[in-house]
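Here is a friendly walk through the model you are about to see.

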Amino acid sequence: MHLIIAEKNIVAERIAAFLAGKQKVHTKRDGAATEYTFGDTVVMGLRGHVVELDFTKGYSNWRSEEHPPRSLINAGIEKHPTEKKIVALMQKHARKADRVTIATDYDTEGELIGMEAYELVRAVNQKVTVDRARFSAITKDEITKAIAEAQEIDFNLAAAGETRQVIDLVWGASLTRFLSIAAHRGSDSILSVGRVQSPTLAMIVDREKEIEKFVPEKYWMLTLTAKIAGEEVTARHVHGRFTVKTEADTAFAGTRDPVTVKEVITGKKTDKAPTPLDTTALIVGAGRLGLSAASAMNKAEDLYMRGFISYPRTDNTAYPKSLNLRQHLKMFAGGEFERDANHVLANMRAAPTRGKKETTDHPPIYPTSKGTRAEIGDDVTWKLYEFIVRRFFATLSPDAEWKTLKVNLTADTEPYTITGGRLVVPGWRAVYPYSKAEEAILPEFAVGDRLTLTDKNCEEKETQPPARYSQSRLIQRMEELGLGTKSTRHEVISKLIGRKYIEGNPMKPTIVGRAVTESLEKFADTITAPTMTKTLEESMENIAAGTKTMDAVLTESKTMLSSIFDDLEENKEAIGQDLMDRTREEQTVGQCPVCGAPLRIRRAGNSQFIGCSGYPKCTFNTSLPPATWGNAVRMNEICPIHQLNHVQLLRKGAPAWKIGCPLCSHIKTNAEAFKMLPGMTDAGIEKLNSVHIYAISELAGISPDDLMIRLNISRPEADKMIRDAETVLGLLRKRTELKKFISSHVAPRRGRGHSKVSAAFISKGIVDIAGLAGAKKSDVMEAGLSEAEADTLLTEAARVIHIAEMKQYGIPTITLKKYVAAGYEDPAAFVAAHPAGLSLATGASVTTICKHQKMVAEQIGTEPPKSLSKAAFDTGIASLTPLEIEPEHLTALAFAGVYSCALLKGTAVQTLARQTGITKEQLTEYKNKAKKVCGK
DNA sequence: GCAAGGTC
């Protein structure tokens with residue numbers, strides 16, 4: 001049997017189709033693993049790497065004394081399968097195979113993935129022949145040839161890839177752990193470090209610093225407008241920017257009639273058609289359409305999986321010869337792009353354009369099938385598809401041609417110039433509207449022509465700081481510097497955002513991002529420089545060429561990292577302190593209005609609030625919605641009234657929830673509660689705020705003496721105010737309870753949120769659960785509940801209230817739970833029930849029950865039932881045992897007061913049936929038995 | 001809990 005292993009499923013599927021020819025291919029799918037069988041051959045795809053490197057056991061605990069971050073440098077490393085199903089399937093076939101062909105992508109990483117597969121195959125079959133197929137395009141010819149002429153695995157090349165893996169893991173993990181531990185960061189806010197992410201972050205930080213230290217300089221630009229043959233034209237001074245004001249002034253003063261044409265230069269300019277799309281160009285193009293790098297790749301992946309475009313992760317900018325371009329243009333017949341496709345077919349350039357990079361693993365990105373708007377679905381994906389289609393058209397279209405015109409003039413002695421351009425051959429621009437071509441059409445000029453000066457202008461401008469990086473610009477820079485790969489660059493950006501190192505669009509570093517970069521630059525600048533990647537690539541080339549061993553490169557790298565750790569460990573305290581000090585700034589929103597200490601965003605699990613750093617001496621705090629609504633972060637905007645930074649909640653996939661100034665919102669939310677105080681006015685609230693009382697709970701908790709002084713009021717006034725505050729606080733607490741009750745018992749629906757329902761209740765005068773328990777059903781239904789819902793809500797409310805009452809009457813919680821489970825939480829019903837029934841139903845002893853019934857009866861003012869002794873109950877129940885009465889029936893009888901054989905005999909069937917709901921036949925049977933068994 | 005690289 002011949003087993004062929006591809007890097008991904010989609011390639012496996014195509015290989016199988018090509019090789020099978022006329023044979024039928026059987027597809028068997030099991031979760032992530034799919035196999036394609038024909039004749040004696042099985043083709044299956046991996047999912048990229050199916051194993052992962054990790055440190056040996058014992059190194060997983062970050063805070064282990066024995067294995068500090070530094071020890072990772074020489075820690076053991078193991079490979080674990082990450083795709084267990086795929087590995088199992090591969091090994092199952094490998095056991096029976098007599099030939100295995102590795103057909104992974106034709107690049108370094110593909111060779112490594114191939115070697116991983118090889119090792120897994122060898123683990124179960126030491127004898128099988130393993131070879132390697134290399135192909136540059138997934139076409140029938142290439143594939144057939146590559147399998148027929150299969151070669152050996154290039155173990156040196158794979159080792160080069162593995163070296164990269166080890167170095168990345170060891171450097172990344174050890175430095176990440178070191179920084180995170182030094183700065184006392186929790187597991188949800190680690191400070192990550194890596195060969196690619198750290199230099200990328202450093203670029204963003206560097207750019208921000210350039211912007212900060214940028215000093216704008218003034219400069220002046222001169223223009224004139226003049227008329228020729230009734231048409232107005234604008235010319236600019238040939239000097240361009242004047243950086244000296246007096247020079248600009250002199251030139252401006254010298255700009256005067258006569259304005260004479262000195263020279264007319266006509267020319268031709270070719271405007272080259274764009275090159276085929278690689279991943280970077282795709283992200284740049286998508287960026288112009290308004291997509292982030294990550295969403296561009298997401299949508300491209302979607303288009304690829306649905307067969308609309310070719311593989312979206314590629315560095316190739318030259319179409320392979322095997323690609324039939326004409327056929328791909330004809331494919332658009334009858335669709336949205338038919339006209340444009342026909343236009344391109346009729347005007348095709350001799351050979352398609354080609355970019356600088358040509359690789360062997362995948363073709364450039366091009367459309368592989370015709371899609372309609374409806375098929376593709378969402379608008380943004382369609383736009384991306386259209387862009388890919390049009391780019392494909394453009395690469396097959398002729399260059400555009402411009403006719404250019406340059407007119408040199410003098411205004412008295414000052415030289416001016418006008419430039420114009422006219423698109424004479426639109427070429428690719430006819431089908432590709434993404435880069436604008438501005439035409440400037442000028443009137444006819446001849447040397448010696450005189451123009452009439454109509455106006456002149458000296459404009460003062462300022463030099464601008466360099467722009468922050470957009471995502472696509474950053475990805476371009478990363479590619480230029482060799483950072484990351486086509487598949488990972490956009491992920492690196494997402495990672496930096498996720499770690500809260502950068503934010504915004506265009507991107508700028510956060511305080512944390514900047515602090516980490518600066519610490520690393522000081523102590524481990526190897527990892528923040530793009531050169532680390534360059535050096536690594538050179539070493540990898542040496543390993544691949546066989547001129548250096550993997551071990552030698554690793555040893556060298558470990559020595560370097562070790563000396564970095566010498567420095568880091570010596571300065572651990574300082575580094576940690578510096579990071580903590582600086583990141584704390586990010587949590588600070590200003591000064592506490594009460595005591596002036598820094599006011600900070602604080603977090604504890606899911607709850608978050610703004611509190612004074614002077615706690616516990618100062619207890620000022622304002623509440624924030626829980627973190628499920630988003631993480632609270634400081635904004636740059638500052639409240640003009642309170643001088644505090646605004647705060648917003650950020651949640652993935654949701655728009656930011658702007659809280660604004662925390663104190664303003666605190667005052668606003670508390671105003672309503674303050675207004676519940678008798679006689680309280682807006683002015684009164686302002687007065688309270690001005691003496692730093694912002695919440696009703698603060699007013700309730702203050703000492704009367706303090707309040708007298710602060711508000712300059714009398715003792716009785718202060719006492720009353722505090723008492724009122726306590727009452728309101730109690731009311732509010734009950735209201736909160738009601739809200740909680742509603743949210744756990746009423747399912748939210750459109751237009752019927754929990755707050756809406758509780759507001760409706762409050763307007764009906766239902767302000768707490770007790771109120772709800774006694775409310776009219778019609779009132780409850782008017783809040784938007786159905787009749788059935790109102791019924792359950794009322795019953796539930798009554799239950800809650802009853803339970804609270806029983807507790808208040810002194811029933812211990814554990815026993816109460818038993819009563820509730822049996823449905824006897826209503827005090828009245830509890831007292832009225834027969835203790836024998838209660839005992840059987842709840843499992844509590846009759847003695848306890850009688851005691852409780854007496855307690856409750858006394859407090860609700862009813863007669864308690866006659867008490868029943870434990871002895872009487874026990875012997876009674878024992879006398880019933882031989883009758884083999886069903887347990888439910890026994891309980892029902894006990895509730896009816898029948899708990900002994902004698903009582904059963906002495907009560908009429910008619911009465912019992914009414915009281916217990918047991919059928920007369922059944923009761924007669926029990927009674928007959930009773931007559932036989934007892935009382936003889 | 002860590003990297004970067006595949007792929008989904």
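Two residues are in contact if their C-beta atoms, placed from the backbone, lie within 7 Å. Helices (H or I, at least four residues) and strands (E, at least two) are DSSP runs, numbered from the N terminus. This is a predicted model, in which local features need pLDDT of at least 70 and side-chain atom pairs count only at pLDDT 80 or more, while totals for chains, interfaces and linings use all residues. Residues are numbered from 1 along each chain as its sequence is written, and chains are lettered from A and ligands numbered from 1 in the order in which they are written.

**Helix α19**

Let us begin with α19, whose buried residues pack against α5 (155-182), α16 (511-523), α17 (525-528), α18 (531-545) and α20 (572-587). Buried here describes a residue with 20 or more other C-beta atoms within 10 Å of its own; exposed describes one with 12 or fewer, and partly exposed covers those in between, with C-beta atoms placed from the backbone. In α19, V553, S557, L561, I564, F565 and L568 are buried. Seen down the helix axis, these buried residues of α19 fall within an arc of 110° (taken from the directions from the axis to the C-beta atoms), so they line one face. D551, T555, T559, S563, D566 and E570 are exposed on the other side of α19.

**The surface near DNA strand B**

A residue is near a strand if its C-beta atom, placed from the backbone, lies within 6 Å of it. DNA strand B is surrounded by 40 residues, the closest being G48, H49, W62, G172 and G194. At least two residues each come from α1 (9-20), β5 (51-55), α5 and α9 (293-305), and α5 gives the largest share, eight residues. By class, the residues of this surface are as follows:

| Class (members) | Residues near DNA strand B |
|---|---|
| Nonpolar (Ala, Val, Leu, Ile, Met, Phe, Trp, Tyr, Cys, Pro) | nine residues |
| Polar (the others, Gly among them) | 17 residues |

Y311 sits in the loop between α9 and α10 (325-330) and counts as buried, with 21 C-beta neighbours inside 10 Å. Leaving aside neighbours within four places in sequence, Y311 is in contact with Y304 and H362.

K776 belongs to the loop between α27 (769-773) and α28 (777-782). K776 is exposed, with 12 other C-beta atoms within 10 Å.
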